[in-house]
Amino acid sequence: CISLHGGGAHDFEWELHVESNLRATFAVTADPSQADFFLLPACLNRLWASGWRWSEARQKLRACVECTSRFERKLLHVMRAVGPWYDEHPEKHLVTRHRCPYIGEQSWAINADEEVYTELWRHPRLRYICLETDPEPPPGAVRDWHREVHVPYFVDAATMQSPLPHAKRAHDF
C-alpha cells in the first residue's frame, strides 16, 4: 500500500498493517495448492477514502468512483494474469473492506449512494477482512459470519498465536 493523503485515508491506516500481521501469524507458502487463503494486498479503503470530497451543497460525502473503478480493473487484471485462482477459488481470497458483509447482499452503496469496487466489494464468495458492522443491521439482514474476518480496532499482532500447521488441520476454509 502506498502512502495516501487527503479525504479520509488516515481513517484506514489499519490496512497498512494487514499483510505484515498475517505474515507474522500464518505460515507463508509459494505453492497455491498449499495455501489456506490468498490475500489481495491492496489498500482498497485507503484509495476510496483518499478521494472523499463534500458535494457542492456539503450535504453528502462523495468518492472518486472513477479512481476506484480504475484501481479495481488493474487489480483484477493482475490477479488473473498470475493464474486462475481468483476465478476458480474466490472463497479463498481475503480482501479488505470497511463494512462486513451480509448474507445475500446484492450491493453495498456507500456515501452518496455511490457504488465502488463493484466486483471486489460485492462478490458473493470473497472473504473480507473488515473493520465495522452495523450496530442495527437493515431489516432482514444477517451478518455473513463465514465470509468475514472481523478485525477490531487496536489489535496488537505481537499477542496473536499462530494456527496449527497445514498438515495438522482437519480442514481449511
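Trainee: Which residue of β5 stands opposite Arg97?

Mentor: Cys130 takes that place in β5. A strand is a DSSP run of E of at least two residues and a helix a run of H or I of at least four, both numbered from the N terminus. The model is predicted, so local features need pLDDT of at least 70 and side-chain atom pairs count only at pLDDT 80 or more, while totals for chains, interfaces and linings use all residues. Residues are numbered from 1 along each chain as its sequence is written, and side-chain values use heavy atoms, with hydrogens and water left out.

Trainee: How do you know that β4 and β5 pair?

Mentor: Two strands pair if DSSP finds at least two bridges between them. β4 (93-99) and β5 (127-132) are joined by 5 bridges, and they therefore qualify as a pair. The two strands run parallel.

Trainee: Why is β5 called largely enclosed by the rest of the structure?

Mentor: A residue is buried under 20% relative accessible area, exposed over 50% and partly exposed in between, with a 1.4 Å probe and protein chains only. In β5, 5 of the 6 residues are buried, which is why the strand is described in this way.

Trainee: What makes Cys100 and Cys130 a disulfide?

Mentor: A disulfide is a pair of cysteine sulfur atoms within 2.5 Å. The sulfur atoms of Cys100 and Cys130 are 2.1 Å apart, so the pair meets the limit. This disulfide is right-handed, because the torsion about its S-S bond is about 100°. It links distant parts of the chain, with Cys100 in the loop between β4 and β5 and Cys130 in β5, 30 residues apart. Both cysteines are buried.

Trainee: How many disulfides does the whole structure hold?

Mentor: A search finds 2. Cys64 and Cys67 form a disulfide with their sulfur atoms 2.1 Å apart. The link of Cys64 and Cys67 is right-handed, with 65° about the S-S bond.

Trainee: How do you know that the buried residues of α1 line one face of the helix?

Mentor: The buried residues of α1 are Val18, Leu22 and Thr25. Seen down the helix axis, they fall within an arc of 65°, so they line one face; the arc is that of the directions from the axis to the C-beta atoms. These residues pack against β1 (38-39), β4 and β5, where contact means heavy atoms within 4.5 Å.

Trainee: What makes a set of residues a nonpolar core?

Mentor: Its members are buried Ala, Val, Leu, Ile, Met, Phe, Trp, Tyr and Cys residues joined through side-chain atoms within 4.5 Å. The largest such core has 26 residues, and those with the most contacts inside it include Leu40, Val95 and Tyr117. At least two residues come from each of α1 (18-25), α2 (44-50), α3 (65-82), β4 and β5.

Trainee: Why is Tyr117 called buried?

Mentor: Its relative accessible area is 1%, under the limit, and Tyr117 is therefore buried. Tyr117 lies in the loop between β4 and β5 and has a positive phi of about 50°, although it is not a glycine.
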